[in-house]
Amino acid sequence: NPPNLQMAEGSVLERSNCRAKGGAPGFKVAILGAAGGIGQPLAMLMKMNPLVSVLHLYDVVNAPGVTADISHMDTGAVVRGFLGQSQLEAALTGMDLVIIPAGIPRKPGMTRDDLFKINAGIVRTLCEGIAKCCPNAIVNLISNPVNSTVPIAAEVFKKAGTYDPKKLLGVTSLDVVRANTFVAEVLGLDPREVDVPVVGGHAGVTILPLLSQVKPPCSFTQEETEYLTKRIQDGGTEVVEAKKGAGSATLSMAYAAVKFADACLKGLRGDAGVVACAFVASQVTELPFFASKVRLGRTGAEEVYQLGPLNEYERIGLEKAKQELAESIQKGVSFIRN
Ligand code: NAD
Ligand code: LMR
């Protein structure tokens, strides 16, 4: 018998029982802001992830082009594109994981907080969509200022009655990726062998690398400690300045986001011992949110780890980080409450 063929959306010819209808086993992932500097390489890398069966690419511009391009990759995930607010709900319905790199990036001379005015509203709208269409999804929030956008998302979900603190994760994996790279450089090691916990938040002094806890165990001189701490804290600014107004980190961020998303998906799958740093609801300090190591499981961040022993330099850094973090968190909370 001739195969049962029909024209799918657009002009794609496919059999009515084809895989694209229901998707192969795996997770359904949406990227919001998929046509951006981070969104595009992130979409490409997620299309290569064997844990992903369906990949939804949403943006307010250029989503069809990026979708057409990515959809030609001969990997398993079925790719669908969604353009503009009217398609947000369709983009989100049924998703297991939503990754959000939507929003404007820094230019030289700006702080991440300077992005608040525009990005706060974008994050609010997108999170309202998540609360309505996929309230059980894990959310990986990349949009800056992360120290404020995560509290914004939490308040939106609380208002909607869908808030599950385990499922809302601010992405700080780029800080860890940078820390591993810079520490490996100083030690003369392969960065893949190095693991540096980075705690606190994701801006300036709130980024607190715990160099006393580096694996493999090692020690640093005071000069090395100060150099590494500053370089890790200023890593984002280093890229913003090098790009001279053309944006901030996109490629290393897409890499770091995929590393983190993959850890979330492995946790969802039920893998044991999946641990990564993220900015989450936390009781590790007196602040309501804090970045530290978390264990990722079937329901999200199932365990938030304590900071462990800190040296004097890190204790001073922690106090500075908490001061700035408290203000950024409050700013996010007030944006929704007032
Ligand atoms: P970009 O300008 O290249 O891309 C942003 C994309 O978001 C654009 O395609 C834009 O159309 C889209 N967008 C804007 N409003 C939207 C909306 N309402 N809904 C959906 N999409 C929308 O910027 P980028 O370089 O990709 O950076 C994106 C964000 O990520 C920035 O806020 C940046 O500061 C942040 N960032 C965070 C980290 C981190 O470590 N967490 C690292 C790098 C960048
Ligand atoms: C980064 O750390 O690279 C991002 O937060 C982008 C920025 O503005 O620095």
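**Exercise 1. State the extent and the secondary-structure content of the region that UniProt lists as "domain: Lactate/malate dehydrogenase N-terminal", then treat the C-terminal domain likewise.**

Solution. Step 1: the unreviewed UniProt entry lists residues 28-170 for the N-terminal domain; UniProt positions are given in the numbering used here, feature names are shortened, and annotations may be inferred rather than shown by experiment. The model is predicted: local features need pLDDT of at least 70 and side-chain atom pairs count only at pLDDT 80 or more, while totals for chains, interfaces and linings use all residues. Residues are numbered from 1 along each chain as its sequence is written, with chains lettered from A and ligands numbered from 1 in the order in which they are written.

Step 2: over residues 28-170 the chain is 39% helix and 21% strand, and the end C-alpha atoms are 19 Å apart. Helices (H or I, at least four residues) and strands (E, at least two) are DSSP runs, numbered from the N terminus.

Step 3: for "domain: Lactate/malate dehydrogenase C-terminal", the unreviewed UniProt entry lists residues 172-335. This stretch is 48% helix and 16% strand, with 22 Å between its end C-alpha atoms.

**Exercise 2. Describe the shell around ligand 2.**

Solution. Step 1: the surrounding residues (C-beta atom, placed from the backbone, within 6 Å of the ligand) include Arg 106, Arg 112, Asn 144 and Ser 248.

Step 2: helix H9 (residues 235-243) gives the most to this shell, namely four residues.

Step 3: the shell divides into five nonpolar, four polar and two charged residues. Here Ala, Val, Leu, Ile, Met, Phe, Trp, Tyr, Cys and Pro count as nonpolar, Asp, Glu, Lys and Arg as charged, and the others, Gly among them, as polar.

**Exercise 3. Identify the closest residues around ligand 1 and examine the peptide bond between Asn 144 and Pro 145.**

Solution. Step 1: ligand 1 is surrounded by 33 residues, of which Gly 33, Gly 36, Gly 37, Ala 102 and Asn 144 are the closest.

Step 2: the shell of ligand 1 comprises 18 nonpolar, 13 polar and two charged residues.

Step 3: Asn 144 is joined to Pro 145 by a cis peptide bond, with omega about -5°. Pro 145 itself belongs to the loop between strand E7 (138-141) and helix H6 (146-160).

**Exercise 4. Classify the exposure of Lys 244.**

Solution. Step 1: Lys 244 lies in the loop between H9 and helix H10 (251-269), and has a positive phi of about 50° although it is not a glycine.

Step 2: Lys 244 counts as exposed because it has 9 C-beta neighbours inside 10 Å. A residue is buried if 20 or more other C-beta atoms lie within 10 Å of its own, exposed if 12 or fewer, and partly exposed in between, with C-beta atoms placed from the backbone.
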